[in-house]
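Me: I have a structure open here and would like to talk it through with you. Could you take my questions as they come?

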Amino acid sequence: MGNKKRKTTFKATTFLLIALSIVLLLPTKTCSQNSITDSTNNLNPVFNFDFSGTPDLTNPSFTGTQAIRLRQCGCRIMDTMGACTGGMNITQWELRATVSGLTNPDPEIQYMDVTIMNLNFTLMGMSASTFTYSAPYNATGTFTLEDIMNNPVIATFNGSTFGPGMGACNRATNGTNNQYWTYSSDLGFTHDFFFDVMTYTPSVVYTIVCTGGNCP
Amino acid sequence: MKISLKNFNLHLAVLIMVLFIKPVYSQTATYNITITVMSSSVITDAANDALAGKNPLINNALNIDPDIGGVNATDSGGFRIRTNENSWMVLLSVPGNDLTPPNAMANQFTLTWTQTAGSNAMAGTFSGPFPGPLMPGAAFPPPASMFTLASGASMTSSARDNTNTNNYVQFDQSTELLSDFFYDVSSTGFVDLQYDLQAP
């Protein structure tokens, strides 16, 4: 108070020691993590599919396989080695998709013309088994990008157990994060003489969204 | 090096922010899809409208048993066209014929064309080099040069038809030869008619 100011000085080394102590004493609080990678674990992958074809009397026509790895860590508190030590698990998360790109004036190809077939989820790793999934779309059927626009949830994953949900927390085990769900499907495009002779560029973006439990 | 209380608070605030800041994790996968639709024009046999029926060879056989009041010999065959071009035409030519052995006359032949279209198709317009528009039932043969049988100003498919089952325009050709005692016995002639779908 007043004009008198107290000044306290610390040596920089003391300050750093205190800071380091705080870091070591606190558990690493990491909120639920999720990631999407490609088949070689590159984060945030961008895939480019080039389809080129001529309408003909065959159906469907050209297809390309898409595959990504999904990881959702169910822990909220992990130790410095990445193992689960406490906190509530998330209990539900979803894989969602958004589509865009067909904004040309009156393009003949619309979202309804690009199909996704052979939807498949494959589990890798032990800890991931604590989650089960349900896919709103028929795994063996065919749905279109227009279906996704109306219902962007590709699959819902549910888990009620405490602990690592997708195994991504188990880095202390082997450090490879080799527990994941693989989402794969085929992109299809039907030959139709109705389509204009031109190039179309739709895009699909997949995201993981926590929808149940203690979401970050 | 000395740190004042004011600076200490600042550093402490920064430290706390560093400790509790949430890491940003990537969580998207993006698929960029490039679809290029090429130009395509297809002719199939109307009786075999599938890949195996493309570029068909259709045989018409006219067998004459001359008689008084006899029935003319007729045969027919149809083909279907599909194209995603906005301008197309069906051209007809006669690449070969030999009617000498049966002693047939050109004006004893009659060709009749009819055009139909699937429920998801837009039909074309008949046209031709004969005096005035070519009318169905024009006498054979057409001029030696290629001429336009029909043309269209839009792609044949009017609506989505992923199975390509109703987006065709069909042309049926009926060939008729008069029954006449003038023809040579046990002789055979031939005429080749060729249709080309062009979409410049």
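This is a predicted model: local features need pLDDT of at least 70, side-chain atom pairs count only at pLDDT 80 or more; totals for chains, interfaces and linings use all residues.

Me: Switching to pockets, what volume does the largest pocket have?
Reply: Its volume is about 1,100 Å³, and the lining is made up of 40 residues, with B:N59, B:N60, B:A61, B:F190 and B:V191 lying nearest the centre.

Me: Which elements give two or more residues to that lining?
Reply: Those are β4 (73-83), β6 (109-117), β9 (169-177) and β10 (190-198) of chain B, and the largest share, six residues, comes from β10(B).

Me: What's the split by residue type in the lining?
Reply: The lining of the largest pocket divides into 23 nonpolar residues, 14 polar ones and three charged ones.

Me: Where does B:A117 sit?
Reply: B:A117 lies in strand β6 of chain B, and with a relative accessible area of 36% it is partly exposed. Leaving aside neighbours within four places in sequence, B:A117 is in contact with B:A123, B:Y168 and B:V169, whereas B:S174, 57 residues away in sequence, is 17 Å from B:A117 in space, C-alpha to C-alpha.

Me: What about the cores, which residues touch the most other members of the largest nonpolar one?
Reply: That core has 40 residues, and A:L70, A:F121, A:I154, A:Y183 and A:Y206 are the ones touching the most other members. The largest share of this core, five residues, comes from strand β2 (residues 28-37) of chain B. There is also a second, separate core of 16 residues, which includes B:F79, B:W88, B:V169 and B:F171. As background, nonpolar side chains tend to be buried together in soluble globular proteins.

Me: Now A:D113, is that one buried or exposed?
Reply: A:D113 counts as buried because its relative accessibility is 2%, and the cut-off for buried is under 20%. The residue is placed in the loop between β8 (90-100) and β9 (114-124) of chain A.

Me: Which residues is A:D113 in contact with, leaving aside its neighbours within four places in sequence?
Reply: From chain A there are A:E108, A:G188, A:F189, A:T190, A:F195, and from chain B there are B:R160 and B:N162. With B:R160, the side chain of A:D113 makes a polar contact of 2.9 Å.

Me: Last topic, backbone angles: what is phi of B:N55 near?
Reply: It is near 50°, a positive value in a residue other than glycine. For context, most residues other than glycine have a negative phi. B:N55 is in the loop between β3 (41-45) and β4 of chain B and is exposed, with a relative accessible area of 67%.

Me: And where is B:S186 found?
Reply: B:S186 is found in the loop between β9 and β10 of chain B; although not a glycine, B:S186 has a positive phi of about 50°. B:S186 is exposed, with a relative accessible area of 76%.

Methods
Residues are numbered from 1 along each chain as its sequence is written. Chains are lettered from A and ligands numbered from 1 in the order in which they are written. Side-chain values use heavy atoms; hydrogens and water are left out. On a 1 Å grid over the protein atoms alone, a cavity is a set of points where a 1.4 Å probe fits but cannot get out, and a pocket is an open set with protein on both sides within 12 Å along at least five of seven lines; lining residues have an atom within 4 Å of a point. Grid points are joined across faces, edges and corners, and a volume is the space filled by probe spheres set on the points. Helices (H or I, at least four residues) and strands (E, at least two) are DSSP runs, numbered from the N terminus. Ala, Val, Leu, Ile, Met, Phe, Trp, Tyr, Cys and Pro count as nonpolar, Asp, Glu, Lys and Arg as charged, and the others, Gly among them, as polar. A nonpolar core is a set of buried Ala, Val, Leu, Ile, Met, Phe, Trp, Tyr and Cys residues joined through side-chain atoms within 4.5 Å. Buried means under 20% relative accessible area, exposed over 50%, partly exposed in between (1.4 Å probe, protein chains only). A polar contact is a pair of N or O atoms within 3.5 Å; within protein, one must be able to donate a hydrogen and the other to accept it, and residues adjacent in sequence count only if both atoms are side-chain atoms. Contact means heavy atoms within 4.5 Å.
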